[in-house]
Amino acid sequence: MAFPTLTPTGREFTPGNFPSKTFNSQSGAEVRILYGSQRVNATLNLSYSNVSDASVELFLTDYAAQLGTFHTFILPSDVFTGWSGSKSALDAPPGTKWRYAAEPQVQAVRPGISSVTVALRAVA
């Protein structure tokens with residue numbers, strides 16, 4: 001099963017931070033060590049408002065196929081439709097795979113129509 005090829009109605013992206021560790025001495029001196037040259041823990045929250053229940057079911061089926069938050073996958077280009085910046089700005093570093101950060105959240109709007117929110121985390 002592949003991640004659904006629907007265009008989201010909203011996106012919330014956090015680019016993550018560079019892996020580092022801070023050490024403090026008894027005198028108060030601070031030392032920081034950088035452990036890599038690429039950001040980690042980027043998140044992407046996608047919302048799909050007022051879609052058919054059949055479309056919502058695609059996300060629930062994919063979540064089950066990915067064994068919840070276990071497997072990683074490549075996002076389809078449809079996820080970035082409507083984003084006027086470069087795709088790489090939302091997918092750094094290049095080739096990043098994603099996994100579900102949590103189960104999809106579904107809200108029934110009216111019979112046959114629902115909204116779903118999907119939380120994703122970038123994985124190297």
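# Strands, core and surface

Asn50 has its place in strand S4, where the name follows the rule that helices (H or I, at least four residues) and strands (E, at least two) are DSSP runs, numbered from the N terminus. This is a predicted model, in which local features need pLDDT of at least 70 and side-chain atom pairs count only at pLDDT 80 or more, while totals for chains, interfaces and linings use all residues. Residues are numbered from 1 along each chain as its sequence is written, and side-chain values use heavy atoms, with hydrogens and water left out.

The phi angle of Asn50 is near 55°, which is a positive value in a residue other than glycine. Leu46 is also part of strand S4, and its relative accessibility of 0% makes it buried, a word that stands for under 20% relative accessible area, with exposed meaning over 50% and partly exposed in between (1.4 Å probe, protein chains only). When neighbours within four places in sequence are left aside, Leu46 is in contact with Phe3, Pro8, Gly10, Arg11, Val79, Val116, Thr117, Val118 and Leu120, contact being heavy atoms within 4.5 Å.

Apart from residues up to four places away in sequence, Thr43 touches Glu12, Phe13, Thr14, Trp98, Leu120 and Arg121.

A nonpolar core is a set of buried Ala, Val, Leu, Ile, Met, Phe, Trp, Tyr and Cys residues joined through side-chain atoms within 4.5 Å. The largest such core has 19 residues, of which Phe3, Tyr48, Leu75, Val79, Trp98, Val118 and Leu120 touch the most other members. At least two residues of this core come from each of strand S4 (43-52), helix H1 (53-65), strand S5 (97-100) and strand S7 (113-123).

Asp62 sits in helix H1, and with a relative accessibility of 0% it counts as buried. Leaving aside neighbours within four places in sequence, Asp62 makes contact with Met1, Ala2, Phe3, Pro4 and Tyr100. The C-alpha atoms of Asp62 and Met1 are separated by 5.8 Å, although the two residues are 61 residues apart along the chain.

The loop between H1 and helix H2 (87-90) holds Leu67, a residue that has a positive phi of about 55° although it is not a glycine. Pro76 is found in this loop too, and it touches Phe3, Pro4 and Thr5, not counting residues up to four places away in sequence. Pro76 and Ser114 are 38 residues apart in sequence and 22 Å apart in space, C-alpha to C-alpha.

## Strands S2 and S3

Strand S2 (residues 20-24) and S3 run antiparallel and are joined by five bridges, with Thr22 standing opposite Arg32 in S3. Five residues lie between the strands of this hairpin, in which Gly28 takes a positive phi near 100°.

How many salt bridges are counted? A salt bridge is a side-chain nitrogen of Lys or Arg within 4 Å of a carboxyl oxygen of Asp or Glu, and the count by this rule comes to one. The side chains of Arg32 and Glu30 form a salt bridge, at 3.6 Å from N to O.

Ile33 lies in strand S3 (residues 30-34). Together with Phe23, Val31 and Tyr35, Ile33 makes a nonpolar surface patch of about 380 Å². Patches are made of residues with over 30% relative accessible area and no salt bridge, like charges being joined within 9 Å and nonpolar side chains (Val, Leu, Ile, Met, Phe, Trp, Tyr) within 5 Å. Accessible areas come from the Shrake-Rupley method with a 1.4 Å probe, and for residues only the protein chains shown count as cover.

The table sets out the accessibility of several residues named above.

| Residue | Relative accessibility | Class |
|---|---|---|
| Arg32 | 61% | exposed |
| Leu67 | 56% | exposed |
| Glu30 | 47% | partly exposed |
| Ile33 | 35% | partly exposed |
| Pro76 | 16% | buried |

Terms used:
Pairing = 2+ DSSP bridges.
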